[in-house]
Amino acid sequence: MTSTDTGHTYRLNVNGSDRVVDGSWLGESLLYVLRERLGLPGTKNACEQGECGACSVLIDGVLVCSCLELAAAAVGTDIVTVEGIGNAGPTDGNGLTDVQRAFVTEGAVQCGFCTPGLIVAVHDLLDDNPEPSRSETHEALAGHLCRCTGYGRIEAAVEHVIEIRRD
Amino acid sequence: MTVSMPSSVDETLRLLSDDPAATILAGGTDAMVEINYEHRRPASVVSLRRVNELATWSIDGGTVRLGATVPYVEIMNSELAAASPGLAQASRTVGSSQIRNTGTVGGNLATGSPAGDTIPVLAALDAIVEIASVRGIREVAVVDLIVGVKRTVLEPDELIVAIRFPVASGPQEFLKIGPRNAMVISVASCALVINQAERSVACALGSVSPAPLRCGDAEEFAAANIDWTSDGIRITDPRTLETFGSMVADAASPIDDHRSTAAYRKHGIAVMARRALTRATTS
Ligand SMILES: Cc1cc2nc3c(=O)[nH]c(=O)nc-3n(C[C@H](O)[C@H](O)[C@H](O)COP(=O)(O)OP(=O)(O)OC[C@H]3O[C@@H](n4cnc5c(N)ncnc54)[C@H](O)[C@@H]3O)c2cc1C
């Protein structure tokens, strides 16, 4: 990277708003741009190699690792981060979606670092498949690492949402 | 640095011809890791995101034509899964949902890692890779595309546009060994393709040689010892399965590395090959 190569400007559509990315180097990942240039720190940075799932976002409705997306090549797509995950559906008095609420009530949040990625992924899973079997849930969430819960509480949160949505 | 977003193959080829040093970006699941970790500092990137024609597939007569940027998830969940069950099984073992949503077979081939999971399946299918540049199209067999560890015969200005292989005519299996059920770079893998119409058997291995590896002797042995019936294949002598496993393992030339030992890989290959043939015969 040369010093003359950092002044690029482009626009991204994030959570329904048109955002200007300023002063960037074009090799930056979407994860970096969300956190460091657009002030959206909900998307977490842990591994930067697609192994941990903490940076998961939706691009055009598809679950991806934002660390593996070149931000400048996401121009023209619709990006949804954890900050915008409640925009499309109902939320409670605290602005929490059913998935977020279930994570709280089931104790699926401990240190909380993996939570934003999991929230996005669980919305994606259940919007597509409202009644996943246990093994479908495991397969869908296998790209997320959680070092606190042992995953049981997370699985309970998913089961909880399945139940509430059934009624 | 520049980022180009062409919307057709022709435009992509012109960009690559003007700037052969450009990094092609498909799903980004290999390339972005290198960029994030500063192993690669591209001066220019050509993103394939808007080249819709590369993300389509067709089944025409007996042939599947898979566009280079069709993501794994589509191979698993479309009619492609029935037309190429081995490739669908391999796709399902790649990374995680996030990686399968974006990762592509074109990227898997161009990276050319010995652990690339589609490579043994495509090698067993005798798949042909369509490679384009402003000079025209050339076709290369998958086994000739990859010539060493992460080394291919692709020229810098060339683009993989599609991969062609026959529609399944008989059972196909893909097995892979690794420390977990997901997110696993394979320690060893084995693809088996049975062609009932031609009464032939093809077996290829992953992670046990620098370039794609077919197991010719074992393939001929299996074809000669299978009972070819109209409603499936049978093996009357159970020792055939054991012998097949050890013949496949004999074809492997694994090494010791940080992921496993050569001895374990050879053992694993024998078990996987036997299992693959067992599944193909009883299902
Ligand atoms: C967390 C994680 C887990 C993974 N697990 C697996 C696994 O289980 N099995 C496995 O096999 N792989 C795995 N991979 C590696 C990777 O996902 C695959 O190799 C994938 O197929 C790469 O495709 P892509 O479209 O993302 O390629 P990209 O990263 O976009 O590109 C890879 C390389 O190919 C070149 N390229 C891409 N498309 C073309 C084209 N059409 N023509 C010419 N050159 C091209 C690029 O310039 C680059 O050099 C994993 C990666 C990650 C990050």
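Author: A salt bridge here is a side-chain nitrogen of Lys or Arg within 4 Å of a carboxyl oxygen of Asp or Glu. The model is predicted, so local features need pLDDT of at least 70 and side-chain atom pairs pLDDT 80 or more, whereas totals for chains, interfaces and linings use all residues. Residues are numbered from 1 along each chain as its sequence is written, chains are lettered from A in the order in which they are written, and side-chain values use heavy atoms, without hydrogens and water.

Reader: How many salt bridges does the rule find across the interface of chain A and chain B?

Author: The side chains of B:R49 and A:E69 meet in a salt bridge, at 2.9 Å from N to O. For the interface of chain A and chain B, the number of salt bridges found is two.

Reader: Which element gives the most residues to the side of chain A that touches chain B?

Author: With elements taken as DSSP runs (helices H or I, at least four residues; strands E, at least two; numbered from the N terminus), those of chain A that give two or more residues to this side are strand 3 (56-59), strand 4 (62-65) and helix 4 (134-140). The element that gives the most, with four residues, is strand 4 of chain A.

Reader: Which residue in strand 4 of chain A is the bridge partner of A:S56?

Author: Strands pair if DSSP finds at least two bridges between them, and strand 3 and strand 4 of chain A pair in the antiparallel sense over four bridges. These two strands form a hairpin with two residues between them, where A:D60 in the turn has a positive phi of about 50°. Within strand 4 of chain A, the bridge partner of A:S56 is A:C65.
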